[in-house]
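Q: I would like to go through this structure with you. Could we begin with the helices and then turn to the side-chain pairs?

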Amino acid sequence: GGSSAEDGRQEWHGPLQAPKAPHRRRRRSGDRGVQASAVQRARGQAGAAGGGPAGEERGDQHGVCAEDDEAPQDPCAWPLLQGELLPDHGGADDGGEDAVRCVADPQRHLDRDGHHRAGRARVQDVLDEVRDCNAPYAVVNNLLKLGLNELALCFRARLTRHLYKQYLTGFTFYKVTNLDNRIANPDQLLTQDVDKFATSLADLYSNISKPVLDISIYARKLAENVGGLWAPGGMLGYLAASGIVLTWLRRPLGKFTVHEQKLEGKFRHVAARIITNSEEIAFYRGNEREAHYVEGAFWNLEAHVRKVMHFRFGLGMIDTVVAKYMATIVGYYIVSRPLLNLADPRHMSSTQKELQEDYYRSGRMMLQMAQAVGRLVLAGRELTRLAGFTARVDDLQTVLFELQQDQYKRTLVRSSSRSKVSEGGDDVNIEDLQPGKGQKVERDGVIRFTNVPIVTPNHEVLVRSLSMEVQQGMNVLICGPNGCGKSSLFRILGDLWPVFGGLVEKPRPDKVFYIPQKPYLSLGTLRDQVLYPHSHAQMLGCGRTDEELLAMLRLVNLEYVVETRDDGWESREDWADVLSGGEKQKLAMARLFYHRPQFAILDECTSAVSVDVEGLMYRHCRGLGITLLTVSHRKSLWQYHEYVLRFDGLGRADFTPICKDMDQFGS
């Protein structure tokens, strides 16, 4: 060991310096023989330092002893003590490298391992804290989102049920589109606008509650830090003043939202008409014309949206300057005032570091408070959008309430030549006829009109005065030119139109049944089409069976619709598309047989049915005791009626018995 160390001293003659990095890399990549010799040298140095003469001599000459802080002169011992001779991680040789470091400097190796273990422990503690906090943070954040979504859903559910309850009370749903023209697209209002209103309202709740809490907290802390309420008060005063100005500038946004939703509804209505009337449009080759309508509706919407975008662009520039940049300048000016005041007793003894810390802390609080106010300003922006949806929903609710009170408003689309009808030298002016002026009385077994004018919602007088009486068993045929008032008479009987004068006596609504030329087919099973508007439970409650329903379909030659389907009465299809026009009319007559009312209003309801089947249906109605009021232009139906109500199209209607010598017109 001594000779090796002496050889090493003879080979090293320069000053003490660290080996160069490339040299270290070459030695690190050396073979195992170099490493073995290095271990032997280290052991010799360690043994000499333990107390031998050679060790003392080398310790005195080269400073290996613990009392001397100088680095060793041995070229192999220096990198060993520095831990740089061998790589820290090298696969299979790691154990040998650690052994070399231990032999070279056992205490240093132990200290370094202790530091590593302490560092790893601290990192592990931090990771444990992050792990423990992540789960609660995730739960709280998702609970907040769930709460907001639940709040929006509750708003929408309650408002939707409330509006639909009003919409489907009585015939309000009919009056909205036929008697009153204030609401153009009730379907959009009841679905999309209600959803947007509920979502905006829930977001407004969340966007206001947290910023208000943040403002109160940071204002208090800032007041404590600067020594008074003047700092947060001044900042909040500036933000409040700027908010008032910006709110005043944002006033048109509410009207823009209302108008945009109206244009959206018109565009949607034009597109929906193409789907509803696709067959008729295809027959007429009207695709180019419909494209013109769609383009016009969308162009109006596009122009309005672009106008709103430009308005928001200009408003956004003003908002950015006033609420962001100027607010930052004002905030930092307010915070710096106590620091620039040399006479302030709070900072007379403060060092520069303390002043910087105070300024930084106050600036951060001011910034956080300003950000909370900014979120509150954003909530104000959403408030203008919410105001538009609120106005739309409020208009719908007002109209529904007024229609339930028989108060409707309709803009006259044209001045009619029928607004004044002459008879016997007397004129009937529309100003003398007011909706709801007439009376309606329920009376079983009779339909009686006494001096009742027939007036349309557009204030057209079709018949000046109608008087007639129909007892049970008196089948009446109604005829006349188009637009003379035949269907209008039925609308008055069905309580769809108001009575402008006179007295109407009729049975309660469930005793009068109406069948139009195009019967309505609902969603549901084949059985539901016959029972409508009854349900299966109501049918069973009345003691009726499926066999009776099948017998009714046999009367109209429609039993094959049930027998040819695997599910029978439980079959579910889009019946309006599956059944033909004649099948729909036969199904409507079977529906009439099921309900068996006192009076039935048949409005061209057998136009697509053959004459022989039509005769079977009318004879069965008379056998069931159903009194018929029929609108038809077929001569074959005169034999099933005893009276005729003839409109002349000039404001008069005659109700007379049918005589054998009476001129029967029709096809």
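A: The expected span of a helix is 1.5 Å times one less than its number of residues. Please bear in mind that this is a predicted model.

Q: How does the span of helix α11 agree with its 25 residues?
A: Helix α11 covers residues 252-276, and its 25 residues should span 36 Å. The end C-alpha atoms of α11 are 36 Å apart, which agrees with that expectation.

Q: Which residues of α11 are buried?
A: The buried residues in α11 are Leu253, Gly254, Phe256, Thr257, Val258, Gln261, Leu263, Gly265 and Val270.

Q: Changing topic: how many aromatic pairs does the structure hold?
A: There are seven aromatic pairs. In one of them, the ring centres of Phe267 and Phe298 are 5.3 Å apart and the planes lie at 50°, so this pair is tilted.

Q: Which helices do Phe267 and Phe298 lie in?
A: Phe267 belongs to helix α11 and Phe298 to helix α13 (residues 287-340), so the pair ties together parts that are 31 residues apart in sequence. Phe267 is partly exposed at 24% relative accessibility, and Phe298 is partly exposed at 36%.

Q: And Tyr643 with Phe655: stacked or tilted?
A: Stacked, because the planes are at 5°, with the ring centres 5.4 Å apart. Tyr643 is in strand β11 (residues 643-647) and Phe655 in strand β12 (residues 653-657), so the pair ties together parts 12 residues apart in sequence. Tyr643 is partly exposed, with a relative accessible area of 23%, and Phe655 is also partly exposed, at 23%.

Q: On to charges. How many salt bridges are there?
A: The count comes to 18 salt bridges. One of them links Arg508 and Asp510, whose closest N and O atoms are 2.7 Å apart. Arg508 is partly exposed, with a relative accessible area of 39%.

Q: What about Arg527 and Asp546, how far apart are the closest N and O atoms?
A: They are 3.0 Å apart in the salt bridge between Arg527 and Asp546. Arg527 lies in helix α16 (residues 526-531) and Asp546 in helix α18 (residues 546-555), so the bridge ties together parts 19 residues apart in sequence.

Q: Is Arg527 buried or exposed?
A: Arg527 is buried, with a relative accessible area of 5%. Asp546, by contrast, counts as partly exposed at 22%.

Q: Which residue forms a salt bridge with Arg527 besides that one?
A: Glu570 does, with the closest N and O atoms 2.8 Å apart. Glu570 lies in the loop between α19 (560-563) and α20 (575-578) and Arg527 in helix α16, so this pair ties together parts that are 43 residues apart in sequence. Glu570 is partly exposed, with a relative accessible area of 42%.

Q: What is Ile454 in contact with, leaving aside neighbours within four places in sequence?
A: The contacts of Ile454 include Val461, Leu462, Val463, Leu466, Leu489, Ile492 and Phe647. Glu460, Gly485 and Ser488 are also in contact with Ile454.

Definitions and conventions: Residues are numbered from 1 along each chain as its sequence is written. This is a predicted model: local features need pLDDT of at least 70, side-chain atom pairs count only at pLDDT 80 or more; totals for chains, interfaces and linings use all residues. Side-chain values use heavy atoms; hydrogens and water are left out. A salt bridge is a side-chain nitrogen of Lys or Arg within 4 Å of a carboxyl oxygen of Asp or Glu. Buried means under 20% relative accessible area, exposed over 50%, partly exposed in between (1.4 Å probe, protein chains only). Helices (H or I, at least four residues) and strands (E, at least two) are DSSP runs, numbered from the N terminus. Rings of Phe, Tyr and Trp (its six-membered ring) pair if their centres lie within 6.5 Å; planes under 30 degrees apart count as stacked, over 60 as edge-to-face and the rest as tilted. Contact means heavy atoms within 4.5 Å.
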